[in-house]
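Subject: Structure handover

Hello,

Below is the structure I said I would pass on. My notes on it follow.

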Amino acid sequence: MPPVIRVPYRVTVQVLKSDSTVRPDAALTLTNISTGDSVSFTADTNGRVAYDLANLPNGYLEGDRISVKQTKSHDNMEYFIAADGDET
């Protein structure tokens, strides 16, 4: 198994309503699908939240899938951590 990465990798999300206005104080859960690690957040008044994946209990590996879901909503965003550090 490859070593866990502890290099900072900041994920930033902004929650918007269907009319493109911000959703302040939205409750979100970020999950590393590969490890099952989850962290819950409340977005700020601009609907934003940021988290460094290196702070997950089991860190992250290149290729891990990261899911960000809004609590009490079916909306979700999923990111793939690419080898070069770019989001896809």
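**Core and cavity**

The largest nonpolar core has 18 residues, and those that touch the most other members are Val11, Val13, Leu30, Phe41, Tyr51, Leu53 and Leu56. Strands E1 (10-14), E2 (27-32), E3 (38-42), E4 (48-52) and E5 (65-70) are the elements that each give two or more residues to this core. A nonpolar core here is a set of buried Ala, Val, Leu, Ile, Met, Phe, Trp, Tyr and Cys residues joined through side-chain atoms within 4.5 Å. Buried means under 20% relative accessible area, exposed over 50%, and partly exposed in between (1.4 Å probe, protein chains only).

Please note that this is a predicted model: local features need pLDDT of at least 70, side-chain atom pairs count only at pLDDT 80 or more, and totals for chains, interfaces and linings use all residues. Residues are numbered from 1 along each chain as its sequence is written, and side-chain values use heavy atoms, with hydrogens and water left out.

What space is left in the largest cavity? Its volume is about 50 Å³, and the count of cavities of 30 Å³ or more is one. A cavity is a set of points, on a 1 Å grid over the protein atoms alone, where a 1.4 Å probe fits but cannot get out; lining residues have an atom within 4 Å of a point. Grid points are joined across faces, edges and corners, and the volume is the space filled by probe spheres set on the points.

The lining of the largest cavity consists of Val11, Val13, Leu28, Leu30, Phe41, Val49, Ala50, Tyr51 and Val68. By class that is nine nonpolar residues, no polar and no charged ones. E1, E2 and E4 each supply at least two lining residues, and E4 gives the most, with three.

**Overall layout**

The protein has six strands and zero helices, in the order β-β-β-β-β-β along the sequence. Helices (H or I, at least four residues) and strands (E, at least two) are DSSP runs, numbered from the N terminus. Of the 88 residues, 35% count as buried. The protein exposes about 5,500 Å², of which carbon and sulfur atoms supply 49%; the areas come from the Shrake-Rupley method with a 1.4 Å probe, and for residues only the protein chains shown count as cover. Among contacts (heavy atoms within 4.5 Å) between residues at least 6 apart in sequence, 51% join residues at least 24 apart.

**Individual residues**

Asp37 lies in the loop between E2 and E3. Is Asp37 buried or exposed? It counts as buried, because its relative accessibility is 10%. Leaving out residues up to four places away in sequence, Asp37 touches Leu30, Thr31, Asn32, Leu56, Pro57, Asn58 and Gly59. Its C-alpha atom is 6.7 Å from that of Pro57, 20 residues apart along the chain.

Gln70, in strand E5, is also buried, with a relative accessible area of 12%.

The loop between E1 and E2 holds Ser20 and Asp25. Phi is positive at Ser20, near 70°, and at Asp25, near 60°; neither residue is a glycine. Ser20 counts as exposed, at 55% relative accessibility.

Regards

Technical notes:
On a 1 Å grid over the protein atoms alone, a cavity is a set of points where a 1.4 Å probe fits but cannot get out, and a pocket is an open set with protein on both sides within 12 Å along at least five of seven lines; lining residues have an atom within 4 Å of a point. Ala, Val, Leu, Ile, Met, Phe, Trp, Tyr, Cys and Pro count as nonpolar, Asp, Glu, Lys and Arg as charged, and the others, Gly among them, as polar.
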